[in-house]
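User: I would like to go through the packing and the strand pairing of this model. Please keep the answers brief.

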Amino acid sequence: MNTVTLLLIVLLAFIVLFKNVSFVLLFSPMIKIFFFVKNNYMSDNKENKVEIVKNDISVRYKIKGLCSGFTAYYLYRLSYTPSHHIRNYIYRHVCGVNLCADAVIYYGTEVREPSKITIGRGSIIGDHSILDARNGITIGEDVVFASGVKVWTEQHDHRDPFFRCGTQNHGPVLIDNRAWIGSHTVILHSVHIGEGAVVAAGAVVTHDVDPFTIVAGIPAKKIGERNRDLKYSFTGEHRHFI
């Protein structure tokens, strides 16, 4: 077996085993340009969305839809890239996530409007979470998301004749330091979760949660209080590949 053949086999194996890495690296420059144009030149005036619903055949609207759809697909492929270092670099420098040192985002996390997300030092986002940051998500330091946490900052308005998002039910989500968010929790728009608070698995949070409070249920209600003398601090240690 000559050197050229060996190199071709190695290259093919890399493409097969690390196809998401190849895809992400190939399209990162294009995605960076799209985010730059979107964040600086594309208006998101919700008042104009009625006209878009009425007249959705414009070329500009269709092009924007294609770009948005491909970007969502790119972010999906990125979330399954088997390298925290590559994912974090692209989240920071291509997608615009304000991702602080030692923060960990596990595989399969869906990110919407990444430039409106801030994740503090040492925080951990569990696998298959959803961060819908259309109206902004700020996560403090040493926050833990278990698997499958969903944060929504906007939702459809059932009273609106066009069933639009953001006419009334929208707002940023703020999660303070050392909060612990249980598995498959749902956090709705305009919620502020205080320092050290605990949200039990499966809860639906519709209102603010006081610091060091434990909440559970649908909708989430106070069931206890947490120790206020919290001293732990995460170092960014994570499981490799995922």
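User: Which residues does F145 touch, not counting residues up to four places away in sequence?

Analyst: This is a predicted model. F145 lies in strand 8, residues 144-145. Leaving out residues up to four places away in sequence, the contacts of F145 are I124, I125, G126, S129, L131, I139, V151, I175 and I181.

User: Is F145 buried or exposed?

Analyst: Buried means under 20% relative accessible area. F145 has a relative accessible area of 2%, so F145 is buried.

User: What separates the C-alpha atoms of F145 and G182?

Analyst: Along the chain, F145 and G182 are 37 residues apart.

User: Which residue in strand 12 is the bridge partner of I137?

Analyst: Five strands form an open sheet with parallel pairing, in the order 1-4-7-12-15. Its edge strands are strand 1 (98-99) and strand 15 (192-193). Strand 7 and strand 12 pair over three bridges in the parallel sense. In strand 12, I137 has as its bridge partner V173.

Methods
Residues are numbered from 1 along each chain as its sequence is written. This is a predicted model: local features need pLDDT of at least 70, side-chain atom pairs count only at pLDDT 80 or more; totals for chains, interfaces and linings use all residues. Side-chain values use heavy atoms; hydrogens and water are left out. Helices (H or I, at least four residues) and strands (E, at least two) are DSSP runs, numbered from the N terminus. Buried means under 20% relative accessible area, exposed over 50%, partly exposed in between (1.4 Å probe, protein chains only). Contact means heavy atoms within 4.5 Å. Two strands pair if DSSP finds at least two bridges between them.
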